[in-house]
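Hi,

Here is the model I promised to pass on. Have a look at it first, then read my notes below.

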Amino acid sequence: MAEEVSSQMNSLSISETNPSSSATISLVSGDDIVFKVEPTIAKEMETVQSFIDETDGKITTIPLPNISSHDLPYVIEYCEKSIAGKITKEFEAEFVKKLNNEEVKELFLAANYLNIKKLLDFLSQVIADRIANKSVEYVRRYFGIENDFTPEEEAKLREELAWTFTGVDPDDEDEN
Amino acid sequence: MGNCVCMISKNKKRNSKLVISDNLKKQTWDDLPSELLELILSRLIVADNIRASAVCKIWHSVATSVRVVNQSPWLMNIQKCSHWYEIYDPVQRKTHFIQFPELKDCRVCYTKEGWLLLYRWPQRYPFFFFNPFTRELIKLPRFDRTRKVEFAAFSCSPKSTGCVVFVAQDVSSTVLTISTCSPEANEWKTANYQKGSHFSYSALPQIVVFKGLFYCLSPTAFGFSLSNPLRLLMQNVDIHVTDSEFVVIALWL
């Protein structure tokens, strides 16, 4: 698959010599899907910008092996809105409504990888909201985290902090 | 999606979902850098933060490092006849019920930074600190129980350096005793103070600690005579009368 990506990149680099397409940047997802975007988007994606800077703008095809073609359109949509100065509470509410828990996590990691500060801040609040008032078991399941406390350590924690363990949302509200 | 164009790189049919998960170098939550975890956990209210600290060891260390202490005050309703206490968070509009057998027969003298200063008469060690969030308990040195405690306060969390506890007791109609100590101290420092002729406290004074000083504010006339300079008796205490309406007792920390 790595070969596929590089051959893909080569063909695209060649096509970049064509003046009509030099105005756009190609972002290549981990599963080899190419997304053509306006170069201004790099202003939002620091990782992309530094890639362009390092190559003096000669290379405009950027492989993003950590990001899938499923997640990349969301990232691009958010960045485009941000560039247009159209990030509103309403937009964010609509944006997050479309995302299930798995997608929120994927996008959070993508935002970190691409170094998109606004998206990272926004998604950390979304994740915080989604684990608010949930049980410890729910949070472990949500993130797929192994409990590495001994039963004694966990019992002690729960005893000391008993008041926070009452009144949480029932676990059967899981979305996934 | 605006003006972004999407094209599939090869004319090969893909089962996209499967291919994606096979090929991506996935970053998982187990190896998430703690700065990222901090971003999320720092946005949780304290009850959620505490629960997050029970998820696993890494979460425990990150959650405790970003736990917000300086949040809006909660109300604690102390019920005389039961061990159940009602703690109300006005921001979340949420009530927590919790038992504190540690607080049986206690009087709450003062609260600050999540800590309570409690007094349980007639024990030998009547003063102690208690943190209802962590259930930590810190005893203070043995204290003279023969006189009634009028009011008590402390400057900052007993876990931080420079914490001073301040207790005033009525000795007689003309003498007031002021005792101070720190949580690490082995004993109280005590000094008697001559009350002024117009000294009274028909209502308990409000004690405010501000920039290292204890201000004792009383709605009634409340004064000390300065005839007995307390500074000589106890090096770290100074007393000022600002006007006949209230008194400032200063403790130089």
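A contact here means two residues whose C-beta atoms, placed from the backbone, lie within 7 Å. For the complex, the predictor gives an ipTM of 0.78 and a pTM of 0.58.

Some housekeeping. This is a predicted model, so local features need pLDDT of at least 70 and side-chain atom pairs count only at pLDDT 80 or more, while totals for chains, interfaces and linings use all residues. Residues are numbered from 1 along each chain as its sequence is written, and chains are lettered from A and ligands numbered from 1 in the order in which they are written.

Now the two chains. Chain A has eight helices and three strands, in the order α-β-β-α-β-α-α-α-α-α-α along the sequence. Chain B has five helices and 16 strands. Of the 176 residues in chain A, 31% are buried; for the 253 residues of chain B the figure is 24%. (Buried means 20 or more other C-beta atoms within 10 Å of the residue's own, exposed means 12 or fewer, and partly exposed is in between, with C-beta atoms placed from the backbone.) Among contacts in chain A with a separation of 6 or more, 67% are between residues 24 or more positions apart. In chain B, 35% of the contacts between residues at least 6 apart join residues at least 24 apart.

Five of its five residues are buried, so S1(A) is largely enclosed by the rest of the structure. Ile25(A), Leu27(A) and Ser29(A) lie on one side, Ser26(A) and Val28(A) on the other. S1(A) pairs with strand S2 (residues 33-37) of chain A in the antiparallel sense over four bridges, and with strand S3 (residues 61-64) of chain A in the parallel sense, also over four bridges. (Two strands pair if DSSP finds at least two bridges between them.) Leu27(A) is bridged to Phe35(A) in S2(A), and Ser29(A) to Leu64(A) in S3(A). The S1(A)-S2(A) hairpin has three residues between its strands, and Asp32(A) in the turn has a positive phi of about 65°.

Which residues touch the most other members of the largest nonpolar core? Leu27(A), Val75(A) and Ala111(A) do, in a core of 48 residues. (A nonpolar core is a set of buried Ala, Val, Leu, Ile, Met, Phe, Trp, Tyr and Cys residues joined through C-beta atoms within 7 Å.) A second, separate core has 23 residues, including Trp115(B), Phe127(B), Phe166(B) and Ala168(B).

Helix H5 (residues 101-114) of chain A has 14 residues and spans 20 Å from first C-alpha to last, close to the 20 Å expected at 1.5 Å a residue (the expected span is 1.5 Å times one less than the number of residues). Its buried residues include Phe108(A), Leu109(A) and Ala111(A). Among the elements covering the buried residues of H5(A) are helix H3 (72-83) of chain A and helix H2 (34-41) of chain B.

Two asparagines deserve a look. Most residues other than glycine have a negative phi. Asn115(A), in the loop between H5 and H6 of chain A, has a positive phi of about 60°. Asn133(A) sits in the loop between H6 and helix H7 (136-143) of chain A, with phi also positive and near 60°. Asn133(A) has 17 other C-beta atoms within 10 Å and is partly exposed.
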